[in-house]
Amino acid sequence: MYGSEESLKVVFECAQQFCEPMPVYQQLADIYAKSKKTKEAEGLYKTMVKRFRQNKAVRLSYGTFLLQQGQSDGATVLLQRALKSLPTKARRCLIV
């Protein structure tokens, strides 16, 4: 609405350099999800899971997104992968 994909990419890259990358990714994924751009949001969440492997908040928000989209099978697969890759303390928060 107020810019192009190219300008968004430039601003996103700048924000990653000057701010903490994880909240920047999270905010952009939330913007995509709220604006019904599910394909872009899902791609960004997959990138986040790869980049921030040890962060349980990323997997939690991605799982919530998948459930809101009606993809319970995808959320189940994500949970199984999270249980294998996260440390024991972080696993408890995902299960409860």
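Trainee: How many residues does helix α2 have, and how far does α2 reach from its first C-alpha to its last?
Mentor: Helix α2 runs over residues 21-34, so to speak a stretch of 14 residues, and reaches 20 Å from first C-alpha to last. That is close to the 20 Å expected at 1.5 Å a residue. Keep in mind that this is a predicted model.

Trainee: Okay, and which residues in α2 are buried?
Mentor: Quite a list: Met22, Val24, Tyr25, Gln26, Leu28, Ala29, Tyr32 and Ala33.

Trainee: What do the buried residues of α2 pack against?
Mentor: They pack against three helices, namely α1 (5-18), α3 (38-51) and α4 (56-68).

Trainee: And what follows α2?
Mentor: Look for Lys36, which has a positive phi, near 65°. Lys36 is a residue other than glycine with a positive value there. You'll find Lys36 in the loop between α2 and α3.

Trainee: Is Lys36 buried or exposed?
Mentor: Exposed, because its relative accessibility is 70% and the cut-off for exposed is over 50%.

Trainee: Switching topic. Where is α5, and how many residues does α5 have?
Mentor: Helix α5 takes up residues 72-85, which gives 14 residues. From its first C-alpha to its last, α5 reaches 20 Å, close to the 20 Å expected at 1.5 Å a residue.

Trainee: Which residues of α5 are buried?
Mentor: Ala75, Leu78 and Ala82. Those three cover an arc of only 60° around the axis, so they sit on the same side of α5.

Trainee: Then what does the face of α5 turned away from its buried side carry?
Mentor: Exposed residues: Asp73, Arg81 and Lys84.

Trainee: Let's zoom out. How many helices and strands does the chain come to?
Mentor: Six helices and zero strands. Reading along the sequence you get α-α-α-α-α-α.

Trainee: What does the C-alpha trace span?
Mentor: About 40 × 30 × 15 Å along its principal axes.

Trainee: And how many of the residues count as buried?
Mentor: The chain has 96 residues, and 30% of them count as buried. As for the surface, the chain exposes about 6,900 Å², with carbon and sulfur atoms supplying 57% of it.

Trainee: What about contacts between residues 24 or more positions apart?
Mentor: Take the contacts with a separation of 6 or more: residues 24 or more positions apart account for 39% of those.

Trainee: Last one: how many positive and negative side chains are there?
Mentor: There are 16 positive and 8 negative ones. The centres of the two sets lie 11 Å apart.

Methods
Residues are numbered from 1 along each chain as its sequence is written. This is a predicted model: local features need pLDDT of at least 70, side-chain atom pairs count only at pLDDT 80 or more; totals for chains, interfaces and linings use all residues. Side-chain values use heavy atoms; hydrogens and water are left out. Helices (H or I, at least four residues) and strands (E, at least two) are DSSP runs, numbered from the N terminus. Buried means under 20% relative accessible area, exposed over 50%, partly exposed in between (1.4 Å probe, protein chains only). Contact means heavy atoms within 4.5 Å. Accessible areas come from the Shrake-Rupley method with a 1.4 Å probe; for residues, only the protein chains shown count as cover. Lys and Arg count as positive and Asp and Glu as negative; His and the chain ends are not counted. The place of a charge is taken as NZ of Lys, CZ of Arg, CG of Asp or CD of Glu. The expected span of a helix is 1.5 Å times one less than its number of residues. The arc is that of the directions from the helix axis to the C-beta atoms.
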